[in-house]
Amino acid sequence: MQQKFIVKGMTCNGCAQTVSNQLKQHPGVEDATVSFLSGEATLQTVQTLRSDELQHLLGLKYTIHPFLSSPPNLNIASEVENDSFIEGTKIQPLKGFSTYRPIFLIFGYILLASVIEPLATRSFNIMQSMERFMAGFFLVFSFFKLLNLKGFAESYAMYDIIAKSFPQWGYVYAFIELGLGIFYLIGLLPLATNLITFIVMSVSIVGVFQSVMSKNQFQCACLGTVFNLPMSSVTIIEDALMILMSFLMIILLTY
């Protein structure tokens, strides 16, 4: 017989393969097909199995639940905004705003906080506004990463070029963002702060770009594990904006 379940905790296609292999270890499972994109596990079983009978095979990293007729959006398949094919599965495009609403809202709030006081006092200064924006960006984004530092580091290691070889980099990276946010906020060592930002974000964008271009679907770790966002061109734009702003501030500080 065929049974369907929902699996949470997967961050890439490799996770789906791992879950599939683990589920096949159950004597009542003849075959298991797991999709990272939909978060569904389809099992061919010799008898009716309950999710609690399968959970012990998955350990603590993944959780398995009964399939609902209208399952919640636990993974990112339905939210990828561009047509692509991944392991033979076509992802249908949906509106980007609904997918990336958390990022757009955060950017909007940070931008508003950066310019509202200077505009109200008619003392707008492009340098100060960019510093405030960068401070808000790094403080907010590091906050979400630190909510589940281990989960962020594991997700980040899936695609970042440094974290792939040095998984501890994900832990360090979150605190670098926090430090940069504080330095931008108090205006400490502005030239050094912007140079570090330019270098760190330039390195970070390489892994993001490679992931998007290869059409390997990973969970975007920019907001940690709080929001299950797909890696896409939006992530590239986010990193590129930080690179551009830090570069402009370096120019303004040196000339």
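The backbone nitrogen of Phe133 sits 3.2 Å from a polar atom of the Ser114 side chain. A polar contact here is a pair of N or O atoms within 3.5 Å; within protein, one must be able to donate a hydrogen and the other to accept it, and residues adjacent in sequence count only if both atoms are side-chain atoms. This is a predicted model, in which local features need pLDDT of at least 70 and side-chain atom pairs count only at pLDDT 80 or more, while totals for chains, interfaces and linings use all residues. Residues are numbered from 1 along each chain as its sequence is written, and side-chain values use heavy atoms, with hydrogens and water left out.

Let us stay with Ser114 for a moment. Ser114 belongs to helix α4 (residues 101-121); helices (H or I, at least four residues) and strands (E, at least two) are DSSP runs, numbered from the N terminus. With a relative accessible area of 2%, Ser114 is buried, where buried means under 20% relative accessible area, exposed over 50% and partly exposed in between (1.4 Å probe, protein chains only). Leaving aside neighbours within four places in sequence, Ser114 is in contact (heavy atoms within 4.5 Å) with Ser129, Arg132 and Phe133.

Now for the sheet. Four strands form an open sheet in the order β2-β3-β1-β4, with antiparallel pairing; two strands pair if DSSP finds at least two bridges between them. The edges are β2 (29-35) and β4, each with a single partner strand, so one side of each has no neighbour in the sheet. On average, neighbouring strands are turned by 30° against each other, direction ignored. Axes are lines fitted to C-alpha atoms, for helices over the stretch in contact, and angles run from 0 to 180 degrees between N-to-C directions.

Strand β1 (residues 2-8) pairs with β3 (residues 40-45) over five bridges. Across from Ile6 stands Glu40 of β3, and across from Gln3 stands Leu43. Four bridges link β1 to β4 (residues 63-66), where Ile64 is the bridge partner of Val7.

Two helices meet this sheet. Helix α1 (residues 13-23) lies across β1, β2, β3 and β4, at about 165° to β2. Helix α2 (residues 51-58) touches β1, β2, β3 and β4 too, and its direction makes about 165° with that of β4.

Finally, look at helix α9 (residues 233-254). Its 22 residues should span 32 Å at 1.5 Å a residue, and its end C-alpha atoms are 31 Å apart, which agrees; the expected span is 1.5 Å times one less than the number of residues. Among its buried residues are Val234, Ile236, Met242 and Met249.
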